[in-house]
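Me: Could you walk me through this model before I start using it? I'd like the confidence first and then the fold.

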Amino acid sequence: MIESRLNATPTARAKRAQGTVDDKEIAPLILLSSQIKKPLPKTRFTRFLVRLNQPQTSGFEEWVFREGMTFGAPDTWWAEKGPRARPHEGLDICFFSDMEGRVLRLLPGTKIPVMYDGTLVALLDDFLGKTLIVEHGIRDEDGRVLCSMYAHLTPDETMQPGRVLQQGDIIAGLAPAPSKAAILPHLHLSLGWASRAIEYDALDWRTLGEEEKLALVDPLPALGCVPGGSAQVELSPDGLPPQGS
Ligand SMILES: [Zn+2]
C-alpha cells in the first residue's frame, strides 16, 4: 500500500530519490539528557560529513532524531517499533532537516568520517554491514580510553585494524538495507570509555556495553546537539520502509 502511494506521482518518486520524507505523520522527538560523568570532547563530525557528501547534504540544518533513535531508548524506531533487546547502545543517525525545513535521510554510500584522531582497532559484523571500532588518544581520570563505534557500514579493504586515522577521514560508506527489511540505512554511532584490559578482538554486540569493559555514553553532546532539547518533525511513509514485509 505504501509502495503504491509512493509511486502515485512523479513528485513522490522524485522525493524518494532524494531521500525526502515529509508526510503529515508527526512523531515527537526526544533528545535524552546527558548521563556522562566526564565531558566529551566536541567533534567536527557533522561538519565533515556534510562537506564530504555534497550535494546530498547541501542545505543541512540539523540532525533529526525520532523517538527510539537516541541513546538508551527502550524501543526501536522502525517497523512496529517494538522493544529493543536492551536499551539502545548509541545514536542512530539517519534523518536531517535542511534550510527549507524538509526532512531528508542519508542514502546508502554516504561517506562516514571518523570523529577524532585515532587508530582502527577492530571490525565486527553486524546485521546490516560492518562495525568499525576506533580508539582515540583521549583518557579519563581512571585511565580509560575513549572509543567510537560506527555500525552498519561498508568499509573498503584498506580499513584494517592498525590503520591510523585523522579526524574527518572517511572510514566507510553507509551500508544499504535489504529492500525487504523494515529498516532504513543508518549510521549507528556509539561512544564508550574502554578499560585498560579490553580485548577488542573479543568484543561483539552482546558484550559491547558491559560496564567493566566498555562504559557507553551518549554521543549527542559530542556532536554539539543539545541534550534535553526536543523538536517536532514531520516524517513520512516515503522515508520509511514498507511495513510488515
Ligand atoms: Zn542503533
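What follows is a short exchange about the chain shown above.

Me: What kind of model is it, and which pLDDT cut-offs apply?

Reply: This is a predicted model, in which local features need pLDDT of at least 70 and side-chain atom pairs count only at pLDDT 80 or more, while totals for chains, interfaces and linings use all residues. Residues are numbered from 1 along each chain as its sequence is written.

Me: What is the mean pLDDT of the chain?

Reply: The mean pLDDT (the predictor's confidence in each residue, from 0 to 100) is 78, and 75% of the residues reach 70 or more.

Me: Where does pLDDT stay under 50?

Reply: One such stretch is residues 1–36, for which the model has 83 contacts beyond four places in sequence, a contact being two residues whose C-beta atoms, placed from the backbone, lie within 7 Å. Another is residues 228–245, with 55 contacts beyond four places in sequence. Where pLDDT is low, the predicted coordinates should not be read in detail.

Me: OK, the fold then. How many helices and strands does the chain have?

Reply: The chain has four helices and 15 strands; these are DSSP runs, with helices being H or I of at least four residues and strands being E of at least two, numbered from the N terminus. Of the contacts with a separation of 6 or more, 70% are between residues 24 or more positions apart.

Me: What does β5 pair with?

Reply: Strand β5 (residues 95–98) pairs with strand β3 (residues 60–64) in the antiparallel sense over four bridges, where pairing requires that DSSP finds at least two bridges between the strands. Strand β5 is also joined to strand β6 (residues 103–105) by three bridges, again antiparallel.

Me: Which residues does F96 bridge to?

Reply: F96 is the bridge partner of W63, and in β6 the bridge partner of F96 is L104.

Me: And what sits between β5 and β6?

Reply: The two strands form a hairpin with four residues between them, and G101 in the turn has a positive phi of about 85°.

Me: Let's go inside. How much of the chain is buried, and which residues touch the most other members of the largest nonpolar core?

Reply: Buried residues make up 35% of the 245 residues in the chain.

Me: What is I171 in contact with?

Reply: Leaving aside neighbours within four places in sequence, I171 is in contact with I112, V114, L132, Y150, P155, M159 and L165.

Me: How is β12 tied in?

Reply: Strand β12 (residues 170–174) runs antiparallel to strand β7 (residues 111–113), joined by three bridges, and K111 has G173 as its bridge partner. Two bridges join β10 to β12, also antiparallel, and L153 stands opposite L174.

Me: Switching to F48: buried, partly exposed or exposed, and why?

Reply: F48, which lies in helix α3, counts as partly exposed because it has 19 C-beta neighbours inside 10 Å. Beyond four places in sequence, F48 is in contact with P113 and G168. F48 and G168 are 120 residues apart in sequence, yet 5.6 Å apart in space, C-alpha to C-alpha.

Me: Last one, what about P74?

Reply: P74 is found in the loop between β3 and β4 (91–93) and is exposed, with 12 other C-beta atoms within 10 Å. Not counting residues up to four places away, P74 touches P83, R84 and P87, and the C-alpha atoms of P74 and R84, ten residues apart along the chain, are separated by 5.7 Å.

Key:
Buried ≥ 20, exposed ≤ 12 C-beta atoms within 10 Å, placed from the backbone.
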